[in-house]
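This briefing covers a sheet and a metal site. Please have the sequence and structure open while reading.

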Amino acid sequence: MDIHEHQTKELLRSYQVPVPEGRVADAEASAGIIAEQIGGERWVVKAQIHAGGRGKGGGVKVANSIDEVRQHADHIIGSHLVTPQTGAEGKLVQRVLVEAAQDIKQEFYLGLVIDRTRQRITVIASASGGMDIETVASTDPDQVIREAIDPAIGLPEFLCRKIAARIGLTGALMPQAVKIMRALYRCFRDKKALMAEINPLAIVGDGRLMALDAKMSFDGNAVHNYPEITAYRDFDEEDPKEVEASGHGLNYIALDGSVGCIVNGAGLAMATMDAISFHQGRPANFLDVGGGASPEKIANAFRIVLKDPNVKVILLNIFAGINRCDWVATGVVQAMKQQDIVEPVIVRLSGTNFAAGQKILAESGLPFITAVDLDDAARKAVEALA
Ligand code: GDP
Ligand code: MN
């Protein structure tokens with residue numbers, strides 16, 4: 001689960017990481033009021049979307065007057081911001097963060113990720129901050145420092161000092177860097193984060209280190225234990241089909257192909273997607289209806305899959321262990337009748353009460369294409385596209 005920059009900064013502020021004073025606004029007028037309350041002479045107005053590269057896309061603007069703050073806010077709020085990370089259609093901006101602008105002397109990169117190969121939370125740091133860390137890593141890998149953290153030891157001061165020294169944060173900056181690294185690590189561990197990034201971590205006007213941009217993401221399977229993090233969930237940033245599916249207890253992830261998939265079990269869903277790809281088709285989604293798929297659940301699955309205009313054929317693949325083929329068949333027949341489904345539907349059933357399920361499908365008089373196994377189902381789905 002991703003959260004916004006202003007939320008990450010609020011969280012990091014509570015861990016004593018220095019961040020600029022600022023607040024979030026959803027309209028031009030409130031942006032102006034926030035800037036007045038912050039005071040000073042320069043402000044930054046920053047689009048709040050779950051994507052980076054906003055600076056390049058015109059989503060980060062410096063303002064030299066309250067009027068300019070309002071103008072930038074007016075311009076950014078409601079726009080579809082296109083950045084190198086959003087795709088061509090961009091992302092709708094609903095809020096901006098208004099902050100006291102800082103006089104930047106130098107920009108660094110500081111991040112924490114989970115290195116799954118080494119099974120360690122790993123610090124990534126670079127003196128080449130501000131830019132895309134992936135670009136720096138590929139063009140100038142020596143500029144990127146990595147240090148894996150031993151979970152039994154944590155992130156001790158000596159390791160922070162070593163990292164700070166290697167990116168040139170020496171002298172009076174070193175103790176500040178150590179404090180920020182340790183705070184970031186504590187926050188990361190406390191809240192079960194998957195990724196945390198401060199970019200840029202900047203030396204500003206008075207020689208202080210400050211987090212000018214920050215981003216974190218969390219383990220979606222753990223956040224329910226952290227209501228303060230769950231509260232940061234922004235449904236506007238999620239695919240509405242995925243939100244609706246999770247409300248029905250369905251595990252749905254939208255993809256960009258044309259074969260809609262309704263499957264029980266995550267493993268079988270993955271295998272189904274592989275089989276479709278093997279036959280040169282592309283899945284439109286991953287959808288796991290789970291173990292006890294009632295007729296209602298199957299009907300909901302059809303509705304959600306068909307909301308995607310790219311779906312041209314539906315492949316239903318159910319292996320009934322806990323489930324029963326007759327229930328599933330009843331659900332499919334119901335969905336077909338209620339929803340006026342015109343797309344070809346390929347059905348592959350297997351397992352408990354298979355014969356009863358087949359009978360229900362056959363007696364419905366509906367034009368199902370039945371398949372004997374996974375491979376047959378995937379092949380028929382792709383053929384039906386032609
Ligand atoms: P991103 O492009 O989505 O990563 O957004 P950032 O928050 O990192 O902003 C992009 C760039 O805007 C930064 O690398 C800075 O150079 C610049 N920027 C951000 N905050 C300030 C600020 O307070 N003052 C000035 N002068 N520039 C800033
Ligand atoms: Mn940034």
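The model is predicted, with local features requiring pLDDT of at least 70 and side-chain atom pairs pLDDT 80 or more, while totals for chains, interfaces and linings use all residues. Residues count from 1 along each chain as written, chains are lettered from A and ligands numbered from 1 in written order, and side-chain values use heavy atoms without hydrogens or water.

**Sheet**
- An open antiparallel sheet has 4 strands in the order S1-S6-S2-S3 (strands are DSSP runs of E, at least two residues; helices are H or I, at least four; pairing needs at least two DSSP bridges).
- S1 and S3 (60-63) are the edge strands, each pairing on one side only.
- Helix H2 (residues 28-38) packs on the sheet and touches S1, S2 and S6 (contact: heavy atoms within 4.5 Å).
- The direction of H2 makes about 170° with that of S1 (axes are fitted to C-alpha atoms, for helices over the stretch in contact, with angles from 0 to 180 degrees between N-to-C directions).

**Strand S6**
- In S6 (residues 96-100), 5 of 5 residues are buried (under 20% relative accessible area, 1.4 Å probe, protein chains only).
- Val-96, Val-98 and Ala-100 point one way, Leu-97 and Glu-99 the other.
- S6 has 4 bridges to S1 (residues 22-25) and 5 to S2 (residues 43-47).
- Val-96 is the bridge partner of Ala-25 and stands opposite Ala-47.

**Metal site**
- Asn-199 (O) and Asp-213 (OD) coordinate the manganese ion (ligand 2) at 2.2 to 2.3 Å (donors are N, O and S atoms within 2.8 Å of the metal, 3.2 Å for Na, K and Ca; water is absent, so sites may look incomplete).
- Asn-199 lies in strand S10 (residues 193-204) and Asp-213 in the loop between S11 (208-211) and S12 (214-218), 14 residues apart.
- Asn-199 and Asp-213 are buried.

Definitions and conventions
Buried means under 20% relative accessible area, exposed over 50%, partly exposed in between (1.4 Å probe, protein chains only).
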